[in-house]
Amino acid sequence: MPAKWLKDAVFYEIYPQSFNDTNADGIGDFNGIVEKLDYIRSLGCNALWINPCFDSPFHDAGYDVRDYKQVAARYGTNEDLYRLFEEAHKKGIRVLLDLVPGHTSEEHPWFRKSQSAQQPNEFSNRYIWTDRWFAGCQDLPYIAGEAERSGTYIINFFKCQPALNYGFLKPREPWQLPMDHPDCVATREAMKDVIRFWLSHGCDGFRVDMAMSLVKYDDEQKTGTCSIWRNVRQMLDAEFPEAVLVAEWSRPDLSLPAGFDADFILNDPHTNYSTLLRDYNSPVDNTYFRKDAPDRDINRYLDIYRGWYEATKDVGYISMPTCNHDTVRPAYRLDETELKLAYAFLFTMPGVPFLYYGDEIALRYQEIPTKEGGYFRTGSRTPMQWDGSKNLGFSDAEAEALYLPVDPSADAPTVAAQEDDPASMLNTVRALLKLRHDTEELQADAPFEVVCSEKGKPFVYRRGSLLLALNPSGEKLIIDADVDGREALYAMGMVDAADGRLAMGPQSFVVLK
Ligand code: GLC
Ligand code: CA
């Protein structure tokens with residue numbers, strides 16, 4: 001069962017580089033996050049996920065960890081982070097760090113030892129080494145010609161990220177160690193040690209990077225990888241029962257039974273999540289929330305989602321993020337009204353919502369050059385925009401010294417500009433999250449049921465006893481529905497509910513009690 005505190009949790013994801021710079025060096029820092037805790041609370045968010053903030057050469061924005069127990073100096077000190085935990089807790093905000101268990105940086109001391117000419121040593125098998133000096137193996141990406149020792153090694157993502165060795169489910173060659181080899185067990189124990197370290201310093205859990213990637217030659221059901229996570233969960237149950245693990249996996253049917261509290265829906269095409277916010281897989285843009293989508297059909301997404309929801313609703317949660325540091329911001333395809341409707345949907349669904357910093361003001365995706373291994377993702381990682389002051393309030397550094405540029409447009413969105421307008425994006429997010437916190441039947445656990453998902457009709461769904469309806473199109477849509485005796489808890493656009501009929505004006509949404 002997932003930790004109880006998740007029932008009413010709403011997360012805010014912070015890319016620490018770009019949130020708030022308090023010492024004018026052009027890059028965000030822990031003190032900057034502390035400074036904005038009241039703002040985060042004001043949104044209705046009561047939990048944070050902070051992207052990796054550990055010592056790193058930053059060839060993949062910190063997903064190439066050089067020291068799991070030491071924060072990167074550019075964000076502050078370990079003590080600053082412990083203080084962040086404390087200050088956040090005082091305000092009722094939990095904090096998840098980002099755990100990267102599948103690989104380290106090639107500069108991690110484990111790897112330095114593992115690749116050295118002095119063999120064998122304690123870390124020889126911490127990574128996956130073939131017994132060839134030049135070739136690898138066909139089906140796993142490998143690097144040749146870099147190590148002092150003779151052998152090629154397997155990577156997990158970029159070239160700079162050698163894969164940690166948790167063993168092979170079914171070894172096919174002598175260099176492929178079985179999962180129960182003491183050196184593979186040692187890798188797992190080392191990761192548990194990292195987990196214990198941060199939890200005992202006050203963090204509340206982890207978002208787990210590439211959680212599916214641990215065991216090589218795993219089967220379809222990820223039997224090997226799942227057994228490792230179950231082992232981690234047993235440790236947590238015994239030592240840190242409130243600790244939360246959120247998987248980057250997009251297979252809730254596998255991850256949740258293995259001990260994760262929640263799993264993100266991302267990773268098209270097997271989730272079809274992008275068809276909701278940015279339909280980049282089909283030649284025609286049928287993004288569900290676009291007013292003018294020529295062939296709008298929520299079932300493209302729902303058919304997949306419902307299977308997972310039904311299979312896992314008693315085990316854990318599905319998270320549908322507004323976006324994250326790897327995806328294009330939703331404001332790229334959706335205008336303000338479309339975005340408001342999209343958020344109305346995301347924030348009234350079961351599971352645990354995640355709001356990516358800046359999405360609450362419709363921060364735009366920027367077409368800019370890559371930074372720290374971001375490539376197209378860099379455009380979603382630009383600084384938070386607070387007000388009309390220098391660098392839109394992100395930093396007092398010179399503009400050229402910023403980690404990434406702020407939006408140069410004259411109408412760049414900022415928090416300050418939206419603060420006083422009750423209909424702004426920002427205040428709509430606040431209103432929706434307040435509604436969720438005030439209404440138990442909109443939270444993580446209350447049942448979800450589809451009433452109508454037919455094309456050309458409003459999308460109608462139930463959360464517990466509540467009836468909700470959504471019409472993202474530009475036309476008025478009418479449907480028979482059990483509306484009599486109900487009152488609207490919340491509405492956007494023109495909605496008329498009477499005499500067994502629900503008339504949903506163009507681009508409208510309603511929650512009926
Ligand atoms: C995950 C992260 C991504 C990173 C990759 C390798 O997908 O979200 O940012 O590049 O893993 O760690
Ligand atoms: Ca700074």
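Q: What is the order of the strands in the open sheet of eight strands?
A: In this predicted model, local features need pLDDT of at least 70, side-chain atom pairs count only at pLDDT 80 or more, and totals for chains, interfaces and linings use all residues. Strands are DSSP runs of E with at least two residues, numbered from the N terminus, and two of them pair if DSSP finds at least two bridges between them. Pairing in this sheet is parallel, and the order reads β11-β10-β9-β8-β5-β2-β1-β12.

Q: Which residue in β8 stands opposite leucine 97?
A: Strand β5 (residues 94-99) runs parallel to β8 (residues 205-208), and four bridges join them. Opposite leucine 97 you will find phenylalanine 206.

Q: Which residues coordinate the calcium ion (ligand 2)?
A: Donors are N, O and S atoms within 2.8 Å of the metal (3.2 Å for Na, K and Ca); water is not among the atoms, so sites may look incomplete. The donor residues are spaced D-x1-N-x1-D-x1-I-x1-D in sequence. At 2.3 Å, the ion is coordinated by Asp21 (OD), Asn23 (OD1), Asp25 (OD), Ile27 (O) and Asp29 (OD).

Q: Are aspartate 21 and isoleucine 27 buried or exposed?
A: Buried means under 20% relative accessible area, exposed over 50%, and partly exposed in between (1.4 Å probe, protein chains only). By that scale, both aspartate 21 and isoleucine 27 are buried.

How values were computed: Residues are numbered from 1 along each chain as its sequence is written. Chains are lettered from A and ligands numbered from 1 in the order in which they are written. Side-chain values use heavy atoms; hydrogens and water are left out.
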